[in-house]
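This briefing goes through one protein chain, from a single residue out to the whole model. Please keep the sequence and the coordinates at hand while reading.

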Amino acid sequence: MLELNCLRTAKFHRRSEICMNNGTKVVYRIDSQDRIVFVNDVWQHFASENDAPDYAAEGVLNRSLWDFITDSTTRQFYQEVIKAARGEKPVTFNFRCDSAEYRRFMKMRVTGETGLVQFETETLAVEQRPPQPLLDRHSRRSGELVVICGWCKKINIGQAIWKEVEHAIEALRVFEQEKIPQLSHGMCHGCYVMVSEQLKNLCG
Ligand SMILES: [Zn+2]
């Protein structure tokens with residue numbers, strides 16, 4: 001789901017700056033059947049400018065939200081968030097939406113009424129860094145998989161250890177390999193605790 005919000009490309013950054021300047025937000029809505037029934041102009045602009053046809057309005061409208069959320073913990077979290085929003089309890093949470101060259105700190109606010117639920121994402125801050133090939137969608141990939149946390153964008157370097165990408169590439173010796181490993185989405189322990197706490201509050 002966070003991928004749906006992110007539309008991660010380099011050009012996004014420029015739009016993000018515009019977002020930060022004029023308060024423009026990426027907005028989408030689902031109906032009572034959890035179908036995506038609305039995406040705003042900002043969304044449309046990202047999808048067309050960033051060559052992301054899967055995320056153009058035609059690709060997402062009338063599709064189930066759940067088509068875009070594969071990780072089971074994230075699914076559970078969103079189910080609870082949507083339930084709370086439909087009970088008119090707005091939910092706000094922060095997440096990262098990094099690209100190879102930028103760390104992006106994002107905030108999502110989920111509001112609703114009976115049936116309809118609105119997801120609104122804004123950029124809180126953007127930091128530039130040396131480009132990270134592990135997050136570059138043009139990098140040549142090997143068959144190897146590493147897990148990235150869909151919330152904070154830390155990389156699993158083995159066992160229960162998660163590091164920021166800059167440190168993870170050293171630990172994983174990415175530069176010694178001919179091709180970059182593929183990324184698979186999951187959730188780190190820190191984010192699991194954060195999400196569990198939020199779920200407790202929502203259910204309580
Ligand atoms: Zn995390």
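In which strand does Val 91 lie? Val 91 belongs to strand 3, which covers residues 91-96; helices (H or I, at least four residues) and strands (E, at least two) are DSSP runs, numbered from the N terminus. This is a predicted model, in which local features need pLDDT of at least 70 and side-chain atom pairs count only at pLDDT 80 or more, while totals for chains, interfaces and linings use all residues. Residues are numbered from 1 along each chain as its sequence is written.

**Surroundings of Val 91**

- Val 91 is buried because 22 other C-beta atoms lie within 10 Å; a residue is buried if 20 or more other C-beta atoms lie within 10 Å of its own, exposed if 12 or fewer, and partly exposed in between, with C-beta atoms placed from the backbone.
- Apart from neighbours within four places in sequence, the contacts of Val 91 are Val 81, Ala 84, Ala 85, Val 110 and Leu 202; two residues are in contact if their C-beta atoms, placed from the backbone, lie within 7 Å.
- Between the C-alpha atoms of Val 91 and Gln 198 there are 8.9 Å, although the two residues are 107 apart along the chain.

**Sheet and helix**

- Five strands form an open sheet in the order 2-1-5-4-3, with antiparallel pairing; two strands pair if DSSP finds at least two bridges between them.
- Strand 2 (36-39) and strand 3 are the edge strands, each pairing on one side only.
- From one strand to the next, the twist averages 20°; axes are lines fitted to C-alpha atoms, for helices over the stretch in contact, and angles run from 0 to 180 degrees between N-to-C directions.
- Strand 1 (residues 26-30) and strand 5 (residues 117-128) run antiparallel and are joined by five bridges; Ile 30 has Val 117 of strand 5 as its bridge partner.
- Helix 5 (residues 72-86) lies across strand 3, strand 4 (102-112) and strand 5, at about 45° to strand 4.

**Whole chain and confidence**

- The protein chain contains seven helices and nine strands, and 31% of its 204 residues are buried.
- Of the contacts between residues at least 6 apart in sequence, 64% join residues at least 24 apart.
- The chain's pLDDT, the predictor's confidence in each residue from 0 to 100, averages 82, and 84% of the residues score at least 70.
- Among the elements, helix 2 (residues 10-22) has the lowest mean pLDDT (41), and strand 8 (residues 161-163) has the highest (95).
- Over residues 7-22 pLDDT stays under 50, and the model has 32 contacts beyond four places in sequence for them.
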